[in-house]
Amino acid sequence: MADDGTPAPSDGQWPLWEVFVQPPRGEPFEHAGSVHAVDAESALQNARDVYTRRGEAVNIWVVPTAAITASTPADSGPFFDPGNDKPYRHPQFYSVPRGVRV
Amino acid sequence: MPDSPDAITEFEARIAAGETIEPKDWMPDRYRKQLIRMMSQHAHSEVVGMLPEGNWITRAPTLRRKMGLLAKVQDEAGHGLYIYCGTETLGVGRAELVDQLLTGKAKYSSIFNYPTLTWADIGAIGWFVDGAAIVNQTMLAKASYGPYARAMVRICKEENFHKRQGYEIMATLAAGTPEQKRMAQDAVNRWWWPSLMMFGPSDKDSPNSAELTRWGVKRKGNDELRQRFVNLTVAQAVAIDLKLPDPELRPDPATGDWHFGPIDWDEFSRVVHGDGPLNRERLAARRQAHSDGEWVREAASAYAAKHTAAAAPAAA
Amino acid sequence: MAPALDGPVQAALVQYLLRLGDDRLVLGHRLSEWCGHAPILEEDIALANIALDLVGQATLFLGLAGAAEAAGRDADALAYLREAIDFRNVLLAELPKGDFAFTIVRQFLFSVAAYYRLEGLATSSHGDLAGIAGKALKETRYHVRHSGEWVIRLGDGTSESHTRTQAALDALWRYTGEMFLADDVDATLVRAGVIPDLATAEPKWLAQVTGVIERATLAVPPSGYMQRGGRTGRHTEHLGIMLAEMQILQRSYPGAKW
């Protein structure tokens with residue numbers, strides 16, 4: 001289909017930015033999605049227009065996608081498994097005398 | 001490098017265990033390709049889907065309707081954007097995806113090749129087309145690919161108002177003057193069958209279904225979803241006294257489902273392959289917007305290149 | 001509720017509210033024409049946001065106009081059942097949307113003027129008017145920022161974008177004076193203490209607009225004759241065509257509910 005027009009120019013859609021929004025009531029910032037933008041100010045505006053249309057946020061962070069360093073699947077064993085067998089980091093590990101609230 | 005059988009086994013075990021697949025995880029090449037195809041089609045559908053409804057923004061009959069419709073079409077731009085961004089995590093840029101749409105290499109939902117002839121079509125689209133989309137997307141919100149599933153969760157949350165808006169428009173028209181009721185019934189007659197086609201061919205004729213199901217992208221079959229949509233919609237039509245244009249429609253006591261008549265798959269195929277009422281116009285409109293906007297996109301890039309430091313906001 | 005006003009003051013208030021409402025309705029409508037056709041998806045969403053703000057403001061101002069008029073017309077009746085000669089928007093708002101430069105430059109010129117007007121009106125002794133103005137002021141602040149940043153990017157972008165943006169500025173400049181015209185309607189309301197004197201809005205507008213134009217490497221057009229007429233119903237030919245489209249359903253099916 002669609003052989004009736006000129007070929008579309010394959011021009012840029014601008015670089016990608018990751019958007020983090022902070023919900024009301026001081027909760028931690030959360031990844032909301034991404035936008036395309038040429039610079040920080042436009043990224044901030046686009047993030048505002050795209051990801052806060054329903055009052056979802058009181059603050060926005062934008063960061064160039066290329067600037068994010070992420071762990072890889074190969075890291076997942078050495079990074080996260082050691083956290084699973086350290087029960088002494090959890091309050092339930094410790095007992096207190098009956099009837100005392102600590 | 002071909003995918004090793006061991007890697008595929010491990011991958012499928014992860015899916016079977018209900019784990020989500022994230023962008024940097026290993027995945028079979030076919031999985032990546034199928035997702036890019038499916039997600040980009042979905043995104044294209046949202047974007048092309050702005051056109052039939054956008055056609056009535058300037059003619060919406062009240063201020064409330066004007067704002068409701070504009071907000072809805074705007075959401076569709078947002079949904080297209082979310083899904084394009086999700087697709088980009090699979091290693092393909094939005095420029096390339098847009099190019100595939102504009103050159104006709106990629107498909108989009110063929111329902112958007114039908115015209116919106118009266119205001120009632122805006123009601124019918126919200127009620128049927130968004131209703132069908134919600135059934136489909138609620139399933140996709142559990143898709144195995146994390147970025148797709150997360151986009152669907154956000155979209156489902158936002159899209160709830162679309163269906164209610166459409167149904168409210170139809171209910172108002174159906175309870176209105178004889179001309180309005182006629183408009184409403186005519187829209188139902190035109191949009192019902194194309195809406196059932198939105199779920200795609202029967203699973204046994206759908207080349208991609210088995211693979212997508214095995215890999216947890218689709219959790220339910222096309223026929224099952226279509227049946228669910230019919231079951232939900234029949235009572236809604238009865239409630240506002242509009243007739244679904246299917247003489248075979250009747251409850252099936254054996255299954256508890258509503259039995260419906262045969263779908264005209266020839267029509268579906270014709271529209272998918274370019275001979276729907278407005279295929280050419282829809283793509284032409286997208287191409288026009290894209291080429292009219294080229295100098296704007298270039299200008300922003302040129303400005304950013306000149307001012308490499310992050311731009312400070314202008315005083316408001 | 002605001003205290004009852006004298007007849008002539010009340011009549012002036014109705015006119016004033018229609019001007020505020022019509023500016024936003026007509027401009028919001030023009031902006032909404034971009035939905036689905038913007039240069040990039042992010043901008044489809046941004047322009048729709050501004051259009052929604054403007055139509056929302058129009059609904060509030062026209063609703064208040066209808067209440068002040070006390071003739072049984074609500075915001076919809078005012079929007080959909082008046083003739084072009086009864087509309088009170090500035091000519092700037094009704095011009096066809098043009099290219100993206102035209103739309104953005106118009107939005108910027110309008111939004112800055114709207115900002116200074118609303119800032120004054122937010123202090124109005126008329127509680128309802130002050131309330132709507134305060135809400136609209138916040139929205140308008142963002143419109144100024146969004147359109148202003150675009151003017152800078154388009155002006156200081158490529159030579160094509162520079163040329164287009166300068167052309168838009170040159171074409172629109174002669175419609176800007178009307179935004180600051182003060183006639184008997186304004187004078188009556190100022191005298192009655194309903195609205196503050198807004199004489200300082202124009203110099204503030206010019207200073208801010210000039211600053212952005214210069215940052216955008218564009219030239220402020222020479223001052224010349226300023227077109228006017230919208231405030232008294234003497235419009236361009238574009239408005240009637242726009243209203244024919246906008247009002248078609250209400251006109252075709254009198255009395256129907258939608």
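**Stop 1: a serine in chain B**

Select B:Ser45 and B:Gln41. The side chain of B:Ser45 reaches the backbone oxygen of B:Gln41 at 2.7 Å. Colour by secondary structure next: B:Ser45 belongs to helix α2 of chain B, residues 29–48. Is B:Ser45 buried or exposed? B:Ser45 counts as buried because its relative accessible area is 11%, and the cut-off is under 20%. Now show what surrounds B:Ser45. Leaving out residues up to four places away in sequence, B:Ser45 touches B:Tyr108, B:Ser109 and B:Phe112.

**Stop 2: confidence**

Remember that this is a predicted model. Its scores are ipTM 0.96 and pTM 0.94. Colour chain C by pLDDT. The mean for chain C is 97, and 99% of its residues reach 70 or more.

**Stop 3: where chain A meets chain C**

Show chains A and C together. Chain A brings 15 residues to the contact and chain C brings 11 residues. The two chains bury about 1,200 Å² between them, with carbon and sulfur atoms giving 52% of that area. Which residues of chain A lose the most area to chain C? Select A:Gln45, A:Arg48 and A:Asp49: together they make up 40% of what the chain A side buries.

Now look for polar links across this interface. The rule finds eight residue pairs in polar contact, both residues at pLDDT 80 or more. Step back to the elements of chain A that face chain C. Both β2 (30–36) and α1 (40–51) of chain A supply at least two residues of that side. The largest share comes from α1(A), with eight residues. Colour the chain A side by class: five residues are nonpolar, five polar and five charged.

How many salt bridges cross between chain A and chain C? The rule finds two salt bridges there. For a view of a salt bridge between these chains, select C:Arg153 and A:Asp39. Their side chains meet at 2.8 Å, N to O.

**Stop 4: a salt bridge within chain C**

Select C:Asp22 and C:Arg82. They form a salt bridge, with the closest N and O atoms 2.6 Å apart. Trace the chain between them. The pair links distant parts of the chain, 60 residues apart: C:Asp22 lies in helix α1 (residues 7–32) of chain C, and C:Arg82 in the loop between α3 (75–80) and α4 (91–94) of chain C. C:Asp22 is buried, at 0% relative accessibility. C:Arg82 is buried too, with a relative accessible area of 2%.

Stay in chain C and move to C:Glu69 and C:Arg73. Their side chains meet in a salt bridge at 2.6 Å, N to O. Are these two residues buried or partly exposed? C:Glu69 is partly exposed, at 26% relative accessibility. C:Arg73 is also partly exposed, with a relative accessible area of 30%.

**Stop 5: back to chain A**

Select A:Arg25 and A:Glu27. This salt bridge has its closest N and O atoms 3.4 Å apart. A:Arg25 is exposed because its relative accessible area is 71%, and exposed means over 50%. A:Glu27 is partly exposed, at 33%.

**Stop 6: a network of salt bridges**

Finish with four residues from chains A and B. Select A:Arg53, A:Arg54, B:Asp75 and B:Glu158: salt bridges link them in a network. Then zoom out to the whole structure, which holds 40 salt bridges over all chains.

How values were computed. Residues numbered from 1 in each chain as written. Chains lettered and ligands numbered in written order. Heavy atoms only, no water. Contact = heavy atoms within 4.5 Å. Buried area = accessible area lost by both parts, 1.4 Å probe. Polar contact = N/O pair within 3.5 Å; in protein donor to acceptor, adjacent residues only side chain to side chain. Helix = DSSP H or I, 4+ residues; strand = E, 2+ residues; numbered from the N terminus. Nonpolar A, V, L, I, M, F, W, Y, C, P; charged D, E, K, R; others polar. Buried < 20%, exposed > 50% of the residue type's maximum accessible area, 1.4 Å probe, protein only. pLDDT = per-residue confidence, 0-100.
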